[in-house]
Amino acid sequence: MQHFNFSAGPAMLPAEVMQQAQAEMLNWQGVGSSVMEISHRSKPFIEVAAQAEQDLRDLLSVPDNYKVLFLQGGGRGQFTSVPLNIAQSTDLSLHLQSGSWSKGAVSEAAKYTRTHIVAQDTVDHTGLRVVPGQKDWSLTDEQRSQAAYLHYCPNETVDGIAIFEPPKLEGVPLVADMSSTILSGPLNVNDFGIIYASAQKNIGPSGLAVVIVRDDLLDKAQSITPSFLNYTIQANNDSMYNTPPTYSWYLSGLVFKWLKAQGGLSVISKRNEAKAALLYQAIDNNDFYHNNVATQHRSIMNVPFTLADSALDSEFLSLAEANGLAALKGHRSVGGMRASIYNAMSLEGVQALVEFMQEFSRTKG
Ligand SMILES: *Cc1c(COP(=O)(O)O)cnc(C)c1O
């Protein structure tokens, strides 16, 4: 039986990548050791690191005036690092709150700078979750003039809420938590001051955070900023001020190569859209299933849904598991189900899920 893993994170990785890592595990490129057993300062590892950076730059067309950093501490680490690096304690960080992760970023930023929430996700008259457009934000000219940055999360992993068009505030750098959406399709890096992502959703194994930061945002850190969190220090040391998560970096590099071999991000993006369309169709065409996000905000990476009768939740999960469909339980804060369908999930996997859902509603609904 096929096994399909819908985990939200750490999430599945492409089988080809895992096979290559397995083949290279004990004796990497003939050096006689695993890549995780050699110095990050050795020539062979520096080459791995530089190649991974170059491949990521190629995939996202990162302009030359941006640094790409490979750091520790995942997504939440950046909730701390962003304010420490680009806002003084008297500055203001603006936040568009569209779900649980962007909300988490506010409370962490508030420890190091002043914060202001410009808008929060809400429920419209039809009961669907929406994010207010910019014309409905609460933001005075004074707040805007004091703003060091505007933070948002284009894809809320727990809630399945996406914001497809980046907000624009003239003169205010945009910071995006792309943990669960980076590399799912092409993007215009120039729209952003900082893009960051924890690796374990759509990049590689956990432990790593990728940070893409525009040069003019360096040299702005608060004096209390721990050195290993300081973007400028890390940039000046090629992300090796402290020992980086070398194995995660190597494996992420294999994923970047895999993405290039698939044809790059426009090919990947079409595939992702097809997968998501198939799953949402299965939900919308069946009264037994429901997704509570307004169409224009539906995530193509994380698809939460509920059953008409929540008493059947545990049976749904155990039967799914028995049919090779793993990790469909929704986040503990929202309940229900969630299918995470990142780059590595095949269309075949989504088809198997859809068939299972149809069968389940037919026999149990
Ligand atoms: C997973 C996730 C995080 C947290 O990442 P950690 O590596 O667990 O700190 C933050 N933001 C988003 C959008 C996420 O999906």
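**Figure 1. Helix H3 and the shell around the ligand.** Helix H3, made of residues 74-86, gives the most to the shell around the ligand, contributing four residues. Keep in mind as you look around that this is a predicted model. What kinds of residues make up the shell around the ligand? Eight are polar, three are nonpolar and three are charged. Of the 14 residues around the ligand, the ones that come nearest are Arg76, Thr157, Asp177, Gln200 and Lys201.

Figure 2. A polar side-chain atom of threonine 157 lies 2.4 Å from an oxygen atom of the ligand. For arginine 76, a backbone N or O atom lies 2.8 Å from a ligand oxygen, and for glycine 75 a backbone N or O atom lies 3.0 Å from one. Taken alone, the ligand exposes 380 Å², and the protein buries 86% of that.

Figure 3. Is strand S12 (residues 208-214) largely enclosed or open? Seven of its seven residues are buried, so S12 is largely enclosed by the rest of the structure. Leu208, Val210, Ile212 and Arg214 point one way from the strand, while Ala209, Val211 and Val213 point the other way. Strand S2 (residues 66-72) runs antiparallel to S12 and is joined to it by seven bridges; within this pairing, valine 68 has isoleucine 212 as its bridge partner. Strand S11 (residues 194-198) also pairs with S12 in the antiparallel sense, over five bridges, and there serine 198 is partnered with alanine 209.

Figure 4. Side chains of opposite charge can pair when their charged atoms come close. Arginine 214 and aspartate 216 meet through their side chains in a salt bridge, 2.6 Å from N to O. Aspartate 216 counts as partly exposed, at 43% relative accessibility. Elsewhere, salt bridges that share partners join Asp55, Asp58, Lys257 and Lys260 into one network.

**Figure 5. Two further salt bridges.** How many salt bridges does the structure hold? There are 15. In one of them, the side chains of arginine 129 and aspartate 121 meet at 2.8 Å, N to O, and arginine 129 is buried, with a relative accessible area of 15%. In another, the closest N and O atoms of lysine 168 and aspartate 191 are 3.7 Å apart. This pair links distant parts of the chain, 23 residues apart: aspartate 191 sits in the loop between strands S10 and S11, and lysine 168 in the loop between S9 and S10. Lysine 168 is exposed, at 56%, whereas aspartate 191 is partly exposed, at 26%.

Key
Residues are numbered from 1 along each chain as its sequence is written. This is a predicted model: local features need pLDDT of at least 70, side-chain atom pairs count only at pLDDT 80 or more; totals for chains, interfaces and linings use all residues. Side-chain values use heavy atoms; hydrogens and water are left out. Buried means under 20% relative accessible area, exposed over 50%, partly exposed in between (1.4 Å probe, protein chains only). Helices (H or I, at least four residues) and strands (E, at least two) are DSSP runs, numbered from the N terminus. Two strands pair if DSSP finds at least two bridges between them. A residue is near a molecule or strand if one of its heavy atoms lies within 4 Å of it. A polar contact is a pair of N or O atoms within 3.5 Å; within protein, one must be able to donate a hydrogen and the other to accept it, and residues adjacent in sequence count only if both atoms are side-chain atoms. Accessible areas come from the Shrake-Rupley method with a 1.4 Å probe; for residues, only the protein chains shown count as cover. Ala, Val, Leu, Ile, Met, Phe, Trp, Tyr, Cys and Pro count as nonpolar, Asp, Glu, Lys and Arg as charged, and the others, Gly among them, as polar. A salt bridge is a side-chain nitrogen of Lys or Arg within 4 Å of a carboxyl oxygen of Asp or Glu.
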